[in-house]
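Reader: I'd like to learn how to read a fold like this one, feature by feature. Can you walk me through it?

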Amino acid sequence: MATVSADRQLIDSLARIVGTDNVLATPQARSAYANDQWWYAIAAAAAGQAVSQPDVAVSPTTPEQVAAVIKLANQLKIPVTPWGGGSGVQGAANADRGGIVLDLKKLNRVRTIDRKSLTCVVEGGKVCKVFEEELNAEGLSFTHYPASTEWATIGGSVAARGSGVLSTKYGKIEDHILNLEFVTPTGELVTTPSVPRHAVGPELTQLLVGAEGTLGIITAATVKLHYLPKKRTFVVAGFERLADGVAAGRAIMTTGLKPPVMRLYDADAASHSLARAVETPLEQATLVMMFDGEYPELVDLEASLSARLCREHGGVMLPERIGEVWWERRYVFYYPPYAPELPSIWGTVDVVADFDHIEAVYEETTRAIRAACPAEYNLSLNTHFSHWYEWGSMIYARMKIPTGPADLTEAKELHDAIFQAGVEASLRAGAVMNDHHGVGIRLAPYMPAQYGEGMDTLRRIKQALDPNNILCPGKLNL
Ligand SMILES: Cc1cc2nc3c(=O)[nH]c(=O)nc-3n(C[C@H](O)[C@H](O)[C@H](O)COP(=O)(O)OP(=O)(O)OC[C@H]3O[C@@H](n4cnc5c(N)ncnc54)[C@H](O)[C@@H]3O)c2cc1C
């Protein structure tokens, strides 16, 4: 990093690009970027040892300003870490090598809405909830509803390859986007072809999806829109055996039914977190589904066929009201007073596998997580299958230790040991180590195990695009 006088020079140069008010270098301003929502980043910041140590925070208001900032940083070889809502849970947005934190939230315009194609061009720093409310006022929806909708931005969702609660019908973030506008690590402003389906070479748009800021800064996206549904209906079923719930879910997905919401809670998650959320005692594995759409008859038909498949796989139908309450309270449990707080240790091992492996992945991963935590720490583990595909599902294993070791290093060792056990067990059982929270700092050590030979290809792509390694250096283990 540059000397004190060069810092002054840097601040002046940045101010010439984005304006004085959009360059903040005071300790108070920088501490606003001390941590994202990764447990360790929160714990370290609280202990005065923040993982994220930006030297200066810069808030561009146009894509051209982003390009000029990146060109400057590239010339000076200064690290740049993009920051959307800071809601990531893997540590990705932390500026752990100092330099510039590039806050993109002022890049927040809806540029155009095309009502004929049902598409929209929206800037990368737009907060998901604000975007959705603006669209809803026009009878439209983006249908990307992460539980972090109040903080997460469009660019951060694309960069972390996010997934919202409606994903099983409407798709994950990569399915929502037609193209991207982004700034390369050397400062060029690029727009990818305007539709995702074409035969003009590799899909450049998707290279940026899930790259977590390492390959470019997303300044805008053309996204698909939908009409707000005319009807929503709910189906809830209990299963004595989790495996029967998985089989019902597989039957629903492989026969082309499309519930936007499909969440299968194991007995622990059903009796603890789900029962609290829906204010109803539950003992068994429980599948909660929501169906929606423009045509009420079709919605009812999909719901009744799915209920029939549940019954055929041993499911017992539970009151629809449970699903309605789930829908009304679906975000409550991610926020105070329900969300975990220090001195707890918490985190989610979030893995994805095809149907052939999913049951073994569930068994092995949950067993390994439990075994990695000494009994004295009273680990609780609530697991559900929260996003489904035609070929498989993802497993969201949420662990919490009410009170971890007081010493931060010891607490981190315990956290890391649990994650190592969970990730390694899931990989051995045939999973991919993350479905929609990304890699960040937390999972970076496991990238070579995940990719094997492919890691070298990824590193060469990074090297070619970012020869000075300025964008999120070290992230993704690139
Ligand atoms: C309570 C809670 C609930 C959550 N629920 C969900 C959920 O339901 N589904 C889900 O998918 N995730 C969820 N998450 C995780 C998180 O919200 C997502 O990862 C989200 O996509 C991050 O968006 P963000 O704008 O906050 O990005 P940040 O956390 O700011 O950044 C994430 C990564 O993207 C990079 N980045 C940010 N903006 C850009 C940009 N414009 N261009 C390039 N790179 C960029 C950052 O450098 C970082 O690497 C949840 C988190 C919390 C705390």
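This is a predicted model: local features need pLDDT of at least 70, side-chain atom pairs count only at pLDDT 80 or more; totals for chains, interfaces and linings use all residues.

Reader: How many residues surround the ligand, and which are the closest?

Author: A residue is near a molecule if its C-beta atom, placed from the backbone, lies within 6 Å of it. Here 38 residues surround the ligand, and the closest are Gly84, Gly88, Gly155, Gly156 and Gly162.

Reader: Which element supplies the largest share of that shell?

Author: Elements are DSSP runs numbered from the N terminus: helices are H or I with at least four residues, strands are E with at least two. The largest share, four residues, comes from α6, while β3 (80-83), α6 (154-159) and β10 (217-224) each supply at least two.

Reader: What sheet has β10 in it, and in what order do the strands come?

Author: Strands pair if DSSP finds at least two bridges between them. β10 sits in an open sheet of five strands, ordered β5-β6-β10-β8-β9 with antiparallel pairing. β5 (110-114) and β9 (189-191) stand at the edges with a single partner strand each, so one side of each has no neighbour in the sheet.

Reader: Is β18 buried or exposed?

Author: Buried means 20 or more other C-beta atoms within 10 Å of a residue's own, exposed means 12 or fewer, and partly exposed is in between, with C-beta atoms placed from the backbone. In β18 (residues 392-401), nine of the 10 residues are buried. β16 (residues 345-354) runs antiparallel to β18, joined by 10 bridges, with Thr348 opposite Arg398. β17 (residues 380-385) also pairs with β18 in the antiparallel sense, over five bridges, and a hairpin of six residues joins β17 to β18.

Reader: At what angle do α3 and α15 cross?

Author: Axes are lines fitted to C-alpha atoms, for helices over the stretch in contact, and angles run from 0 to 180 degrees between N-to-C directions. The axes of α3 (residues 39-46) and α15 (residues 408-428) come within 11 Å and cross at roughly 180 degrees.

Definitions and conventions. Residues are numbered from 1 along each chain as its sequence is written.
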